[in-house]
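Thanks for coming. Please have the sequence and the model open while I talk.

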Amino acid sequence: MNIDLRSDTITIPCNEMLEKMMCANVGDDVWEEDVTVKELEKNLSNIFGMESGLFCPSGTMTNQIAIRVHTKIGDQIVCESLSHIYNYEGGGAASNSGVSVKLINGDFGKITLNQIKSSINPDDPHYPRTKLVALENTCNKGGGSCYEMDSILEISDFCREKNMRTHLDGARIFNALVATNQNPIEYGKAFDSISICLSKGLGAPIGSVLLGSEDFIYNAKRVRKTLGGGMRQVGYLAAAGIYALEHNVNRLLDDHERAKCIYETLLGSNFVEFVNPCETNIVIFKLRSEYISNVLKVLDQNHILYSRFGKQTIRFVTHLNFNDKQLDFLIKVLKSLN
Ligand SMILES: *Cc1c(COP(=O)(O)O)cnc(C)c1O
């Protein structure tokens, strides 16, 4: 049996989730007749205190729709250099929306108000118009780091003042919420749009929801159609999301605790050069170069799966199909490497 820590996307729906999916009330969602999709959209928009929601196949699509709705061709958006929007969406910001990206090198994926201030272009036809700031919380490549609410609020106030929009790539926002005890309603107030993945730590097989104002979601629905994301009896999938929100949010703390154990073991290991601070369910660490081949060999021999970020860096992600028994085994293997 593999111990699969490549990502929190690899989870398999449990029987109860599958039963909920089988029993869902469905209709054609392109005709707005799927009550289960509507229920999911309503549940999430209520949690964040936003007007409206839109169910989509993926978080890439919800991010791409948000960029398209918030910008005009030729505009510029501001992102952190490790962000999913910049690195992992196939260059969609350029091909779908015709915008350029101004990158900021932040602190484990997080950017500050001052960095944003100095990245905004003057109102001069030489420069692209800076129209959107996109934050990621938690920051995946930053090692699952979380923003402080104060820094989010000052960024959001500033952007409103400058007539710029704000988008939150909240693929793992529930990890941030349980880790920090922040209030989701504050997120709903701070951002013009929020994208939330149900298929990461929450354990649904598919699905993301985009939240925003009624007007924003009206426009988002048109863009979703052009991207081929209008789906029919998709309440079967939305039902998995409803189940996930009911059952799999608070348990994210278990994933965080297990990640912390891995983090602490790595901190004391001589084959490790650096470990990112661990706040949620992601552990990113850099191997000392002379140990790389042995560490990878031993992990492979023990069927421990991981992601690699470049030659020296490894990522483990904990999730609901990773239990304490597997954790104990992993810790034993890691300790044996010293
Ligand atoms: C996974 C992820 C997404 C969306 O990915 P999809 O695979 O398209 O659902 C967006 N942002 C971040 C930070 C992610 O980790």
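I start with a definition: a crossing of two helices is left-handed if the near helix is turned anticlockwise from the far one by less than a right angle, and right-handed if clockwise. This is a predicted model, where local features need pLDDT of at least 70 and side-chain atom pairs count only at pLDDT 80 or more, while totals for chains, interfaces and linings use all residues. Residues are numbered from 1 along each chain as its sequence is written, and side-chain values use heavy atoms, with hydrogens and water left out.

Helices (H or I, at least four residues) and strands (E, at least two) are DSSP runs, numbered from the N terminus. α2 (residues 35-48) passes α11 (residues 235-247) in a left-handed crossing. Their axes come within 8 Å and cross at roughly 35°; axes are lines fitted to C-alpha atoms, for helices over the stretch in contact, and angles run from 0 to 180 degrees between N-to-C directions. Contact means heavy atoms within 4.5 Å. On the α2 side the residues include Val 37, Leu 40 and Leu 44, and on the α11 side they include Ala 238, Ile 242 and Leu 245. By class, this contact has seven nonpolar, four polar and one charged residue. Ala, Val, Leu, Ile, Met, Phe, Trp, Tyr, Cys and Pro count as nonpolar, Asp, Glu, Lys and Arg as charged, and the others, Gly among them, as polar.

Now the other pair. α3 (residues 59-70) and α10 (residues 214-226) pack at about 120°, with axes 9 Å apart, and their crossing is right-handed. Among the residues that meet are Ile 65 and Val 69 in α3, and Phe 216 and Val 223 in α10.

Next, the ligand. Which element gives the largest share of the shell around the ligand? That is α3, with three residues. The residues around the ligand (a heavy atom within 4 Å) include Asn 63, His 84, Glu 136 and Lys 200. The shell divides into two nonpolar, five polar and four charged residues.

There are polar contacts too, meaning pairs of N or O atoms within 3.5 Å. Ligand oxygen atoms lie 2.8 Å from a polar backbone atom of Gly 59, 2.6 Å from an N or O atom in the side chain of Thr 60, and 3.0 Å from a polar side-chain atom of Arg 172.

Last, the backbone. Most residues other than glycine have a negative phi, and most peptide bonds are trans. The bond from Asn 137 to Thr 138 is cis, with omega near -5°. Asn 163 has a positive phi, near 55°, and sits in the loop between α7 and β6.

Methods:
Polar contact = N/O pair within 3.5 Å; in protein donor to acceptor, adjacent residues only side chain to side chain.
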